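Hi,

Here is the structure I promised to pass on. Have a look, and my notes follow below.

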Amino acid sequence: MAIIVIRSMIMYILISFALRIMGKRQLGELQPSELAVTILVSNIATLPMEDTNIPLVSGIIPILAMMSFEVIVSYFALKNKRFKKVLVGSPVVVIKDGKIDQESLKELRINADDLITQLRAKDIFDIRDVAFAAIETTGALSVYKKYGAQEVTTEMLALEQKSEIESPQIVIVSDGAVIEEGLGFCNLNREWLERILITEKRKLSEVFLMTCNNKAEYVIIENELKRKGKK
């Protein structure tokens with residue numbers, strides 16, 4: 001049993017490393033070639049984990065080979081547009097100015113129900129509201145709405161826009177631990193954080209969550225469990 005656990009841990013670390021090397025897109029919407037590699041890697045990894053008679057190296061070498069192959073293919077696809085088009089294809093326009101291109105849908109083997117379902121997922125219930133829609137190489141539907149159907153923006157309302165871009169609230173303390181990346185994103189440092197905690201009369205260990213933006217506007221949520229433990 002211990003051998004199986006150790007082999008499983010090794011394969012888990014190897015697959016995590018392989019996905020990391022192949023790129024973040026492996027974790028999101030996959031291109032056909034990326035999906036094929038991911039499926040192959042997962043199937044190869046299960047063999048040495050299930051059968052201890054199979055040498056571990058018999059799973060490691062194919063996974064490393066597939067990882068290397070995917071990286072090489074991705075590099076050539078980046079450098080050669082023709083190769084990329086052959087490998088992953090091209091986006092296909094399926095709606096233009098509120099009209100469905102039925103020939104394109106037929107080529108993609110997508111029926112009207114599937115198209116309508118994807119439009120509803122994007123909060124579009126009337127095809128006439130669509131100015132342009134295309135099926136991407138990942139299979140996702142990209143939609144650009146007509147002007148009258150778009151969400152209202154500050155430009156449409158002719159409102160005065162802020163000259164300074166305000167960042168969202170970023171986590172800088174989580175369960176008593178300082179998130180250095182969050183502080184850096186907000187252009188702040190530990191000295192600032194310590195001053196705020198002194199002002200708020202709180203210890204770092206008592207902070208469950210603290211967020212802040214680039215204007216140094218912060219929100220502190222106290223760790224209620226620790227507060228109850230003191231009582």
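Y75 is partly exposed at 48% relative accessibility, and F76 is partly exposed too, at 47% (buried is under 20% relative accessible area, exposed over 50%, partly exposed in between, with a 1.4 Å probe and protein chains only). This is a predicted model, where local features need pLDDT of at least 70, side-chain atom pairs count only at pLDDT 80 or more, and totals for chains, interfaces and linings use all residues. Residues are numbered from 1 along each chain as its sequence is written, and side-chain values use heavy atoms, with hydrogens and water left out.

There are two aromatic pairs in the structure (Phe, Tyr and Trp rings, the six-membered one for Trp, with centres within 6.5 Å; planes under 30 degrees apart are stacked, over 60 edge-to-face, the rest tilted). Y75 and F76 form an edge-to-face pair, because their ring centres are 5.9 Å apart and their planes stand at 75 degrees. W192 and Y218 are edge-to-face as well, with centres 6.1 Å apart and planes at 80 degrees. Here W192 is buried at 12%, whereas Y218 is partly exposed at 27%.

Now the sheet: four strands form an open sheet in the order β2-β1-β3-β4, with antiparallel pairing (strands are DSSP E runs of at least two residues, helices H or I runs of at least four, all numbered from the N terminus; strands pair if DSSP finds at least two bridges between them). β2 (99-100) and β4 (141-145) are at the edges with a single partner strand each, so one side of each has no neighbour in the sheet. β1 (residues 92-96) and β3 (residues 130-135) are joined by four bridges, and V93 is opposite A134 in β3.

Best wishes
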